[in-house]
Amino acid sequence: MIATKTKQPKETLEAVVVRFVGDSGDGMQLTGTQFSDTSAMFGNDIATFPNYPAEIRAPQGSLYGVSGFQVHIGSVEISAPGENVDLLVAMNPAGLKTNLHAVNPGHSVIVDSDAFSKKNLEKAQYESNPLEDGSLENYHVIEVAMTSLTKEALKEVEGLDNKSITRSKNMFALGMVYWMYNRSTEHTIGFFNKKFKNKPELIEANTKVLNAGFYFAETLELIPNSYTVAPAKMAAGTYRIVMGNTATAWGFLAAAEKSGLELFLGSYPITPASDILHELVKHKHFGVKALQAEDEIAGITSAIGAAFAGDLAITTTSGPGLALKGEALGLAMILELPLVVVDVQRGGPSTGLPTKTEQSDLLQALYGRNGESPVIIIAASTPANCFNYAYEAAKLSIEHMTPVILLTDGYIANGSAPWKIQSVSEMPEIKTKLIKEAKETWNPYDRDEETLARDWAIPGTFGLEHRVGGLEKNKVTGQVSYNPENHEHMTSVRAEKVKRVENYIPKLKTEFADEGDLLVIGWGGTYGTLYSSVKELGQEGYSSVGLAHFNYINPLPKNTEEVLKRFKRIIVCELNTGQFASVLRMNFHGIEFLQYNKVQGLPFGNSELIEEFKKIISK
Amino acid sequence: METTATPEYTFKDFASDQEVRWCPGCDDYVILRSMQKALPEMGLKKEDVVFISGIGCSSRFPYYMNTYGMHSIHGRAPAIASGVKLANPDLSVWIITGDGDSMAIGGNHFIHVLRRNLDLNIVLFNNEIYGLTKGQFSPTSLVGQKTKSSPYGNTQPPFLPGELAIGAQARFFARIGGNTPKEMTDMFIKSEKFKGTSLIEVLQNCPIFNDGCFSKYTDKAVREDKQLFVEHGKPMIFGKERNKGLVLNGLKLEVVTLGENGITEADLLVHDAEAQDPTLHQMLVRSEYPLVTGIIRSFPDVTFEERVTELTAAVKAGSSFAKTDDLFFSGETYEVK
């Protein structure tokens with residue numbers, strides 16, 4: 001399965017730095033060499049393999065006995081073996097201690113938890129166990145009992161002494177890293193066969209451990225953080241590093257506090273959205289009610305119940321879960337209740353590529369329900385602004401009394417970036433449609449003239465008892481109605497309500513150029529790469545290339561057409577086969593939209609985009 | 001919730017202005033009226049009562065109640081009701097469902113709501129048929145039953161709702177004939193009082209698609225001889241002459257006649273609905289002669305919301321976070337100038 005002969009597609013990961021550290025005897029050099037060789041064979045344009053300084057044969061477990069090997073791979077020119085380690089694999093506490101400083105906050109650290117014994121911690125001069133004392137809170141720590149898992153994997157291999165068994169745990173680590181970065185184990189298995197030609201038991205043992213690590217990472221769906229920070233100017237203020245999923249969770253916490261509502265989350269675990277659930281369950285001190293439900297459908301329907309009873313209700317999922325939630329989302333839409341559905345998109349269809357990123361749920365979000373069922377759709381575009389768009393999703397939902405789908409993706413959800421901390425006091429007001437007492441002639445489907453949002457009358461409120469349901473309802477009373485004209489009226493009112501949201505969202509902006517030869521269009525999580533690509537083009541002298549990045553998908557910003565018409569050519573770049581391009585074509589006739597698409601489960605790389613844009617301009 | 005006095009209601013206060021549209025002669029009318037009569041006895045304010053239903057004939061129920069209500073989607077009422085209850089634990093939340101809604105399309109929610117044990121009430125209208133979709137077999141239809149979708153006889157063995165529910169850890173399970181409004185009213189009141197998820201299975205006749213499905217147990221002429229109506233703490237006696245009873249013979253229930261072979265009332269099983277061990281409750285649920293009705297199981301246990309409330313209070317007490325700002329600015333932050 002792993003040892004396929006087919007040529008892999010060319011990798012476009014930009015500058016990934018992986019560092020393996022452990023005891024001199026842990027075989028870190030070998031591990032690093034294997035990873036870099038495999039990466040080079042995989043087709044990375046440039047792979048540099050700087051040997052990380054190591055003391056030779058120092059006392060085991062000591063700080064100066066740490067051996068390391070850093071692999072720097074990427075498709076852009078790599079200038080220096082920088083300190084920006086994306087993934088640190090630490091086989092013992094000493095390795096962690098001496099190398100943690102090089103890891104970008106928010107990035108991943110894999111440790112062999114078996115090695116964190118009292119003795120080893122003392123040797124590494126740790127006063128408390130860093131895995132337990134919270135000092136690693138800014139990193140994505142993956143604790144794996146590598147020594148015991150290696151022993152377990154080799155239980156049935158005969159002719160191995162204890163030392164050979166423990167020494168092969170480096171291959172477990174390598175197997176994990178191979179899976180995380182989409183590398184084949186083929187090259188390394190070939191290496192075993194050559195190196196241990198006369199020791200079949202060692203070929204078997206090393207292959208077994210390598211595969212065990214590979215499958216372990218697959219089973220746990222480990223995801224590396226490969227988010228590259230857009231090199232924008234940082235405004236003054238207090239910052240912290242946040243992961244996209246954490247920022248999403250925090251955006252909802254802020255919206256709950258601002259609106260004075262309690263936050264309810266109904267959710268079912270799914271990669272890569274589960275971290276939002278993990279984050280929100282921590283915050284019982286804010287009164288967060290988080291229900292891990294029996295399935296995706298119960299996740300959304302419990303949230304609908306909570307919304308009916310007056311909570312800020314959300315449900316979090318990824319593509320397959322959104323498919324399961326479709327019918328219930330239609331219910332929330334016809335009930336006209338506030339509800340936010342977060343879809344952290346991953347590679348599809350079906351189970352697809354759970355740990356990889358993609359933007360292929362856009363049309364599902366727009367149309368994946370029976371009947372005429374419009375909802376508001378917005379998309380976050382960086383790990384940090386997941387906070388703002390989660391907040392915005394809650395605000396729009398509450399103020400317009402309709403469900404909102406917030407699209408993020410695996411890339412920004414698992415990526416980390418600096419976030420200028422926003423105090424709740426700085427956030428815009430959220431005004432609920434709650435009514436506290438019966439007006440003389442109140443009806444459940446009375447609407448605000450401007451927004452068309454209906455009142456929110458919740459159980460427990462005297463005199464406002466009423467029934468709602470999934471059947472079509474009379475336009476005033478909300479009672480069941482099969483009247484043909486009424487159905488048509490209600491269908492158009494529900495659509496108009498969503499359409500009018502365009503009056504409450506920001507206009508579409510262009511960056512780098514307001515008019516000119518080429519408009520680059522993107523939406524959602526591709527912003528960082530599109531931004532840096534267009535910026536680089538500008539630095540090369542292509543000054544008439546602009547970028548328009550969409551965060552509002554339904555409704556579209558009011559000035560969209562006007563922006564489109566200012567450019568000679570337009571290219572829509574998406575990690576799908578052209579879903580947003582088709583939405584734009586449907587909305588704006590007579591405008592030609594070129595497409596640049598990628599469906600490899602990987603984010604865009606700068607070089608491929610720049611190459612494509614230049615090609616278009618030169619035509 | 002305000003603490004003003006609960007008004008005196010009559011059953012009319014709980015009837016909505018909607019015309020009831022069930023087929024003439026349907027037991028659903030009996031259930032509706034029993035509920036409207038039970039509610040004024042519960043000491044609840046009308047605005048604190050919520051009915052949530054799924055899809056099916058039974059699920060039209062909320063439209064006829066002058067309370068808060070939601071007619072939702074097929075099978076999902078337990079999950080929606082759980083959300084309502086967690087959002088506002090002060091509400092009295094009722095789930096109205098049928099055999100198809102709860103045990104076919106909504107089977108997953110049905111077992112999990114019972115397992116969690118929120119303080120909810122479920123009324124299960126069991127008519128062993130799909131009514132609204134016009135006569136297909138349901139998960140409680142009998143093997144061999146001829147329906148629109150089993151013209152040569154049903155080949156799928158049925159669930160016994162009580163057996164499934166107790167297997168899913170139901171703390172409260174009751175069964176009642178659809179033609180006994182007085183007992184039903186009383187059962188609704190007891191179900192509301194019970195802290196935890198209570199499930200009432202109503203043996204509901206469908207006069208159109210499955211007429212007479214329970215008549216061998218529920219017809220007035222045979223009811224007393226064929227049904228044992230159990231009450232907590234009372235011996236298991238039944239029969240028109242009140243001379244039949246249940247004893248335990250090995251691992252089986254056995255019907256005995258009082259006065260025969262020296263059997264006296266003291267030899268009979270005494271119903272313990274509150275026992276934690278559900279073994280005997282399961283035997284009562286499975287018994288075909290007599291068919292056991294009444295509150296079969298009523299085991300008091302901690303509710304889900306009690307656990308949540310306790311845990312939340314403990315976390316709050318041990319936390320230094322009062323506002324989200326406390327969280328956002330905590331831990332590792334840095335300044336950009």
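This is a predicted model: local features need pLDDT of at least 70, side-chain atom pairs count only at pLDDT 80 or more; totals for chains, interfaces and linings use all residues.
Visitor: Which domains does the assignment give for chain A?
Guide: Domain 1 (16-220), domain 2 (240-426) and domain 3 (516-618). The bounds come from an automatic or database domain assignment.

Visitor: How far apart are the C-alpha centres of domain 2 and domain 3 of chain A?
Guide: They lie 26 Å apart. Across that boundary, 24 residues of domain 2 of chain A are in contact with 19 residues of domain 3 of chain A. Contact is defined as C-beta atoms, placed from the backbone, within 7 Å.

Visitor: Which element gives the most to the domain 2 side?
Guide: β13(A), with four residues. At least two residues each come from α13 (362-367), β13 (376-379), β14 (403-409) and α15 (410-413) of chain A. Helices (H or I, at least four residues) and strands (E, at least two) are DSSP runs, numbered from the N terminus.

Visitor: And by class?
Guide: That side of domain 2 of chain A has 14 nonpolar, seven polar and three charged residues. Here Ala, Val, Leu, Ile, Met, Phe, Trp, Tyr, Cys and Pro count as nonpolar, Asp, Glu, Lys and Arg as charged, and the others, Gly among them, as polar.

Visitor: What is the strand order in the seven-strand sheet of chain A?
Guide: The order is β10-β9-β11-β12-β14-β13-β19 (chain A), in an open sheet with mixed pairing. Strands pair if DSSP finds at least two bridges between them.

Visitor: Which strands stand at the edges?
Guide: β10 (289-292) and β19 (552-554) of chain A; each has a single partner strand, so one side of each is left without a neighbour in the sheet.

Visitor: Which way do β12 and β14 of chain A pair, parallel or antiparallel?
Guide: Parallel, over seven bridges, with β12 of chain A spanning residues 339-345. In β14(A), A:P403 is the bridge partner of A:L339.

Visitor: Switching to chain B. What does it consist of?
Guide: Chain B has eleven helices and twelve strands. Of its 337 residues, 48% count as buried, that is, with 20 or more other C-beta atoms within 10 Å of their own, C-beta atoms being placed from the backbone.

Visitor: How many residues of chain B are in contact with chain A?
Guide: 49 residues of chain B are in contact with 54 residues of chain A. The largest share of the chain B side, eight residues, comes from α2(B). By class, that side has 21 nonpolar, 17 polar and eleven charged residues.

Visitor: What does α2(B) lie across?
Guide: It lies across β9 and β10 of chain A, at about 155° to β9(A). Axes are lines fitted to C-alpha atoms, for helices over the stretch in contact, and angles run from 0 to 180 degrees between N-to-C directions.

Visitor: Which strand of chain A pairs with β12(B)?
Guide: Strand β8 (residues 237-243) of chain A, in the antiparallel sense over three bridges. A:T238 stands opposite B:E335, and A:Y239 stands opposite B:Y334.

Visitor: What else does β8(A) pair with?
Guide: Strand β15 (residues 416-420) of chain A, antiparallel over five bridges. There, A:K420 is the bridge partner of A:Y239.

How values were computed: Residues are numbered from 1 along each chain as its sequence is written. Chains are lettered from A and ligands numbered from 1 in the order in which they are written. Two residues are in contact if their C-beta atoms, placed from the backbone, lie within 7 Å. A residue is buried if 20 or more other C-beta atoms lie within 10 Å of its own, exposed if 12 or fewer, and partly exposed in between; C-beta atoms are placed from the backbone.
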